[in-house]
Amino acid sequence: MTEQIGFIGLGIMGKPMAQHLLNAGYPLTVLDVVKSAQEQAVAAGAMAGTSPKSVAEQSDVVITMLPDSPDVEQVILGREGVIEGLRAGALVIDMSTVLPSTARKVAQAARDKGADALDAPVSGGQVGAVNATLTIMVGGAQTAFERAKPLFDKMGKNITLVGDAGAGQITKAANQIIVGVTIAAVSEALLLAAKAGVDPVKVREALMGGFASSRILELHGNRMIQRTFAPGFKIKLHRKDMNLVLNTARELGLSLPMSAQVAELMNGLIANDGAELDHSALVTMFEKLANFEIGATAK
Ligand code: NAD
């Protein structure tokens, strides 16, 4: 039997993800506070929801793709929220990047209603969402994962059940540490090369063959040289994720000095009108400190 799906949050990521489910023939009820986003999905064949509670009442599986932890807590746990309308035996899948503690609260609330929950944040960006090639990192029970897997297969490629509730969000936090710290490392490396008068284009090419090669050197190194800072992944969302990392580290009594440095540099960029830029624009903070731009010597 085809499951009835609810999808809440039709932004940069949610819109193409919901579209893949529609294309695969799933009956979909959608909701977004931005009416135009909801109308586009309805025009594509979805039914319009009126509240998170009403979406849940009509759905076997409710998927959320919202900006931040307070949004997820409001939409799922708040008044007229998903939990109020959730049927026994239903499944809630939050695919937003939020606090692991939010994921555990959602899982507990779902259990209290005789339902299941998964945290399933993604990596791969807008391109991955559009091409259905997202990496999906999942926390929750094996049975719930197996039930969700056909849906995940329509949206992503590398899909892993990592552990219990919250484990997906912990994995995503680990991902964001590696990405953020590597952007900072690539920024410093290209800045050093450029200031020394060595062509950063050639430096990037040379390093791509060796141990320092990475997707970030490849893609974001190129963005830094070409000065293409249109998002992509907005710095304000990556700063939100670094705050999730640092809040979680604090709960664990863990010191993460590299993550803290990167978060501070992101704060600086946001204060310098960079909130909406791609996260590769972090390089401009290093350039301010150096009073020198990488592009100045790129040949
Ligand atoms: P977005 O801001 O484009 O989309 C969020 C959508 O949620 C918007 O359409 C907004 O109107 C809607 N929304 C907000 N509050 C709502 C509410 N109360 N009820 C209904 N709808 C509501 O964000 P995005 O880029 O799609 O990101 C969504 C999540 O995915 C975030 O947690 C982000 O960190 C994560 N993520 C984003 C990317 C990326 O490249 N953009 C990559 C990986 C993960």
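1. In this note, contact means heavy atoms within 4.5 Å. Helices (H or I, at least four residues) and strands (E, at least two) are DSSP runs, numbered from the N terminus. The model is predicted: local features need pLDDT of at least 70, side-chain atom pairs count only at pLDDT 80 or more, and totals for chains, interfaces and linings use all residues. Residues are numbered from 1 along each chain as its sequence is written, and side-chain values use heavy atoms, with hydrogens and water left out.

2. Helix H9 against helix H11. Ile178, Val179, Thr182, Ile183, Val186, Ser187 and Leu190 of H9 meet Ile216, Leu217, His220, Gly221, Met224 and Ile225 of H11. By class, this contact holds nine nonpolar, four polar and no charged residues (Ala, Val, Leu, Ile, Met, Phe, Trp, Tyr, Cys and Pro count as nonpolar, Asp, Glu, Lys and Arg as charged, and the others, Gly among them, as polar).

3. Geometry of that pair. The axes of H9 and H11 (residues 215–226) come within 10 Å and cross at roughly 50 degrees; axes are lines fitted to C-alpha atoms, for helices over the stretch in contact, and angles run from 0 to 180 degrees between N-to-C directions. H9 and H11 are therefore oblique to each other, given that angles under 35 degrees count as roughly parallel, over 145 as roughly antiparallel, 65 to 115 as roughly perpendicular and the rest as oblique. The crossing of H9 and H11 is right-handed (the near helix is turned clockwise from the far one by less than a right angle; anticlockwise is left-handed).

4. Helix H9 against helix H13. H9 (residues 167–195) packs on H13 (residues 257–274) at an angle of about 65 degrees, and their axes are 9 Å apart. The two helices are therefore roughly perpendicular, and their crossing is left-handed. Ile177, Gly180, Val181 and Ala184 in H9 meet Met258, Ser259 and Val262 in H13. This contact comprises five nonpolar, two polar and no charged residues.

5. Glu188. This residue also lies in H9 and is partly exposed, at 48% relative accessible area (buried is under 20%, exposed over 50%, partly exposed in between; 1.4 Å probe, protein chains only). The C-alpha atoms of Glu188 and Ile294 are 9.9 Å apart, although 106 residues separate the two along the chain.

6. Thr64. Strand E4 (residues 61–64) contains Thr64, which is buried, with a relative accessible area of 0%. Leaving aside neighbours within four places in sequence, Thr64 is in contact with Ile8, Val75, Ile76, Ile93, Asp94, Met95 and Ser96.
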